[in-house]
Amino acid sequence: MTDFKEISDCPITITLSYIGGRWKTIILYILGNRTLRFGEISARIPAISRKVLTEKLKELEADGLVSRKKFNETPPRVEYSITEFGKSLNTILMQMEKWGMEAKDRSTHSETD
C-alpha cells in the first residue's frame with residue numbers, strides 16, 4: 001500500500017468524502033442513468049426520511065454529482081439526474097453491486113453449510 005503524508009491525501013478518503021455515509025451511494029445507484037422526481041427516489045428507498053433524502057440530495061448537488069432541475073409549474077416539479085462527474089462513479093457502483101451480490105451469496109451458502 002502507498003503511504004500518505006496525511007489521511008486527506010488518501011484517494012479513498014477523497015472518494016468517501018463524496019459518496020460516504022449510508023445513503024449517498026444508494027441514491028446515486030438508484031438514479032443510475034435516469035432522471036427521477038423526489039417522490040420516485042423516496043419510494044425506492046423507503047427506509048430514508050424525506051428530511052434526510054433532501055439533505056443528501058443537496059449535498060450530492062453541491063458536490064457536482066447530481067443535478068436538480070426545477071420546473072415552474074403548479075404543483076412544483078423537481079427532477080434529479082446524475083451529472084457527467086457523477087457518472088464517472090458508475091464503474092465503482094457496479095463493482096460495489098457485484099461485490100455485494102457475491103457477499104450475499106457467500107453468506108447464504110455459509111448459513112446452509
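**View 1. Pairing of β1 with β3 in the predicted model.** Two strands are taken to pair if DSSP finds at least two bridges between them, and the structure shown here is a predicted model. By that criterion β1 and strand β3, which covers residues 77-82, pair in the antiparallel sense over two bridges.

View 2. In general, the strands of a sheet pair through backbone hydrogen bonds, in either a parallel or an antiparallel manner. Here β2 and β3 pair in the antiparallel sense over six bridges, with S67 placed opposite S81 in β3, and a hairpin of five residues joins β2 to β3.

**View 3. Burial of the two faces of β3.** Side chains in a regular strand alternate between the two faces of the sheet. On one side of β3 lie R77, E79 and S81, on the other V78, Y80 and I82, and all of these are buried, so that both faces of the strand are covered, buried meaning under 20% relative accessible area. Counted over the whole strand, six of the six residues of β3 are buried.

**View 4. Helix α2 against the sheet.**

**View 5. The largest nonpolar core and the surroundings of I27.** The largest nonpolar core holds 21 residues, of which I27, L28, L31, I41 and Y80 touch the most other members. At least two residues of this core come from each of α2, α3 (38-44), α4 (50-62) and β3, and α2 gives the most, with four residues. When residues up to four places away in sequence are not counted, I27 touches I45, L53, K56, L57 and L60.

Key
Residues are numbered from 1 along each chain as its sequence is written. This is a predicted model: local features need pLDDT of at least 70, side-chain atom pairs count only at pLDDT 80 or more; totals for chains, interfaces and linings use all residues. Side-chain values use heavy atoms; hydrogens and water are left out. A nonpolar core is a set of buried Ala, Val, Leu, Ile, Met, Phe, Trp, Tyr and Cys residues joined through side-chain atoms within 4.5 Å. Buried means under 20% relative accessible area, exposed over 50%, partly exposed in between (1.4 Å probe, protein chains only). Contact means heavy atoms within 4.5 Å.
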